[in-house]
Structures are given as C-alpha cells and as structure tokens.
Amino acid sequence: MDDIASIFKAADKDNSGTLTVQEFQDVVDDILVRYPQLEIYLKNKHLRDVKDLLKDPEGKDIKEVDIEGFKLALSQVDSQAKSLPATAQVAAQQGAYLSRCFNRREHCKDNPEGPQRFVGAGRHSFAPFRYKHLGQFAPLGGEQAAAELPGDWVSIGRSTQWLWYSVYASKQVSW
C-alpha cells in the first residue's frame, strides 16, 4: 500500500488528482514488473487487459479514477494473492533468487532491475521473485507413483515411479 501513492503520483502526469485510463496504461508495464501477482490475477480472472480493473461495481468502464479507487483496484488484486506452498521447490527457487540478488547488489545500485519510475528509496533495485511451478510427484505404493508436471501433464504408474527415482537421484548430486 505504501507504493500506491508513489505509483499514482508517477502516473498522474497532469496533477489532476485522478488517473485517466491512458495515464494508467502508461505505468502498467512498470506495475506488472514490480507486482507479478497482478499478471497472475488477470490470467486467473480471465481479464483481457489491466484496464478491466478500472470498472465500477456494475462492470461499466470508468473514464477516470481517484487515488481511493486506484487503491481499491490494487488491494482487490492483493487480497486474492495466495501464499506460496511450503515446499523444497519454493525454498530452492527463493534461495537461488536471493543469492542472485546478493551477487548483483553492487551492479543493481547503478542499474536497477525494477521499474524505473518507482525506484524511490532504493526498494526496487531488483526484479521481484517469481515462482515457477516445476511439477510434483507422489508415491502411491506398490512401485507406482503419480506425477503432475507443467503443461497439465499427469501420469500414474510404474514408469512414473522410475521417472520420480531419476529426478530424485539427480537432485541428490551436486557438481
């Protein structure tokens, strides 16, 4: 919520106290970089465009929105965000992201990866963490397993058990 005022101020080019749809569209790319949950929300709600967020309760387009309406639209997105699962897959990706941030800390002071318009107090030096689900396995017993992999690929059986063994074994070795 702290960023909303700075985003609104950067977007309101004519200092009218309201954002037109065009002004909102001009900062959308930076918002999507800083807040990947907005992109996920749009996909989950089957919204074609970010301007679909700027609608009144009846679903009619709004020509201008004030800061309260802007807060309401973005807080609605934030309230729908789900936390990441507490799994090793998430922890490994977060660890790799954090090490990348530490390794690039000096470089990013001069060349921030985050949205340029909202750099402010240096809080946006790095692009935000994005989790990529790589799938999951579950042993079923009797030398069978189930797998769910990206692309809605699901498999059950003995061959899936061997796939699980190979993935598990490959994760045990570090070069």
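Which helices each supply at least two residues of the lining of the largest pocket? In this predicted model, the helices in question are H3 and H4.

## The largest pocket

The largest pocket has a volume of about 710 Å³. Its lining is made up of 23 residues, and those closest to the pocket centre are Pro 36, Gln 37, Ile 40, Lys 82 and Leu 84. Helix H3 accounts for the largest share of the lining, with seven residues.

In terms of residue class, this lining comprises 11 nonpolar, five polar and seven charged residues.

## The second largest pocket

The second largest pocket holds about 600 Å³ of space. It is lined by 19 residues, of which Gln 89, Gly 135, Phe 137, Val 167 and Lys 171 are the closest to its centre. At least two lining residues come from each of helix H5 (88–103), strand S3 and helix H7. The greatest contribution is that of H7, which gives six residues.

By class, the lining of the second largest pocket contains 11 nonpolar residues, seven polar residues and one charged residue.

## The nonpolar core

The largest nonpolar core consists of 17 residues, and Leu 19, Phe 24, Ile 31, Leu 38 and Phe 70 have the most contacts inside it. Four helices each supply at least two residues of this core: H1 (2–11), H2 (21–34), H3 (36–44) and H4 (67–80). Helix H2 provides the largest share, namely five residues.

Thr 18 belongs to strand S1, which covers residues 18–20. The relative accessible area of Thr 18 is 18%, so this residue is buried, the limit for that class being under 20%.

Leaving aside residues up to four places away in sequence, Thr 18 touches Phe 8, Asp 12, Glu 23, Glu 64, Val 65 and Asp 66.

## The salt bridge

One salt bridge is found in a search of the whole structure. It joins the side chains of Arg 158 and Glu 143, with an N to O distance of 4.0 Å. The two residues are 15 residues apart and the pair links distant parts of the chain: Arg 158 lies in helix H7 (residues 158–172), while Glu 143 lies in the loop between strand S3 (136–139) and strand S4 (145–149).

Arg 158 is partly exposed, with a relative accessible area of 49%. Glu 143 also counts as partly exposed, at 44% relative accessibility.

Conventions:
Residues numbered from 1 in each chain as written. Predicted model: local features only at pLDDT ≥ 70, side-chain atom pairs only at ≥ 80, totals over all residues. Heavy atoms only, no water. Buried < 20%, exposed > 50% of the residue type's maximum accessible area, 1.4 Å probe, protein only. Contact = heavy atoms within 4.5 Å. Core = buried A, V, L, I, M, F, W, Y, C linked by side-chain atoms within 4.5 Å. 1 Å grid on protein atoms, 1.4 Å probe; cavity = no way out; pocket = protein on both sides within 12 Å on 5 of 7 lines; lining within 4 Å. Points joined across faces, edges and corners; volume = space filled by probe spheres on them. Nonpolar A, V, L, I, M, F, W, Y, C, P; charged D, E, K, R; others polar.
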